[in-house]
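Dear colleague,

Please find the structure below, handed over for your reference.

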Amino acid sequence: MFSSVAGRTVVVTGGTKGIGKGIARVFARSGANVVVVGRDPQVGAACADELTAAFAGQYEGQAGGTVVFVAADVASSAGNAEAAAAAVARFGGIDVLCANAGIFPDARLETMTEADMDAVFGTNLKGTMFSVQACLPHLAASGRGRVILTSSITGPITGFPGWSHYGASKAAQLGFMRTAAIELAGRGITVNAVLPGNIATEGLADLGAAYRATMEASIPMKRLGEVDDIGYAALFFATDQAAYITGQALVVDGGQVLPESLEAVS
Ligand code: NAP
């Protein structure tokens, strides 16, 4: 049986919606206290209120399940420092960092600007590295520190037109992970990554039913993933039982990357 993360403190960057909110929900449901980080204060406060109302004090009578929002931009070192300081001020430390915040604007190579590249690398790669740096002393003090990155199948395994910068940033996260895992192992900190396939988030509806049906048809399990599917993979890496796993990438995609041709999924 997996041990509980009840009472531990978890920082989830980009935890106010989408996959990050799913990660925050799974940890709060498991009795952890969670700090969700994002830029939009209204969305962030609503997320924290919703999850706290659902889970605070609900885990087998133990304290935990409280979710608070901290407004910060992960693309800056200072923003991450503020978020880490706020987490420590509120809950007394940081045990788990889920570096999840990411953006995925569409731009083909012919028209992609330097600003497009800077924005994607600034949030997805530098944001990941800054957040680990900011939380590092507290993860070390925890004695069982965990870093869980949200990468993607796009970049490390697959490609998609318009996402060359995005895919490069998601593959770069894994390059960062492997050396960080070595550097931090001596302090008892593991660094792992979850690679989601196509996950149903709030923004999916904007793409239309036809888009969703096409995506579902390409997945052996014939459905998109749920945000909680990613949350439970992250939760596994945070357990005591995963303490000897570091520097690893876990694909959570319903088998999406497996077919070698369209025939294989028809
Ligand atoms: P989403 O629904 O757009 O949510 C993104 C989250 O990140 C929001 O909370 C957003 O809040 C926050 N965020 C974005 N830029 C930020 C910044 N500079 N500073 C602080 N917070 C920031 O995205 P998602 O689909 O859940 O994606 C989350 C992660 O999963 C990303 O790393 C993405 O690459 C990865 N992923 C997603 C899928 C998928 O199918 N959805 C598949 C593979 C991988 P604010 O806008 O308020 O800042």
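**Strands, helices and a loop residue**

Strand E2 (residues 33-38) and strand E3 pair in the parallel sense over five bridges; two strands pair if DSSP finds at least two bridges between them. Helices (H or I, at least four residues) and strands (E, at least two) are DSSP runs, numbered from the N terminus. The model is predicted: local features need pLDDT of at least 70, side-chain atom pairs count only at pLDDT 80 or more, and totals for chains, interfaces and linings use all residues. Residues are numbered from 1 along each chain as its sequence is written, and side-chain values use heavy atoms, leaving out hydrogens and water.

Val35 has Val68 of E3 as its bridge partner. Strand E3 (residues 67-71) is mostly covered, with four of its five residues buried (under 20% relative accessible area, 1.4 Å probe, protein chains only).

Helix H3 (residues 77-91) and helix H4 (residues 114-142) have axes that come within 9 Å and cross at roughly 35°; axes are lines fitted to C-alpha atoms, for helices over the stretch in contact, with angles from 0 to 180 degrees between N-to-C directions. The contact (heavy atoms within 4.5 Å) involves Ser77, Asn80, Ala81, Ala84 and Val88 of H3, and Gly127, Phe130, Ser131, Ala134, Cys135 and His138 of H4.

Thr154 lies in the loop between strand E5 (146-150) and helix H5 (164-185). Thr154 counts as buried because its relative accessibility is 10%. Leaving aside residues up to four places away in sequence, Thr154 touches Phe160, Trp163, Tyr166, Gly167 and Lys170.

Conventions
Buried < 20%, exposed > 50% of the residue type's maximum accessible area, 1.4 Å probe, protein only.
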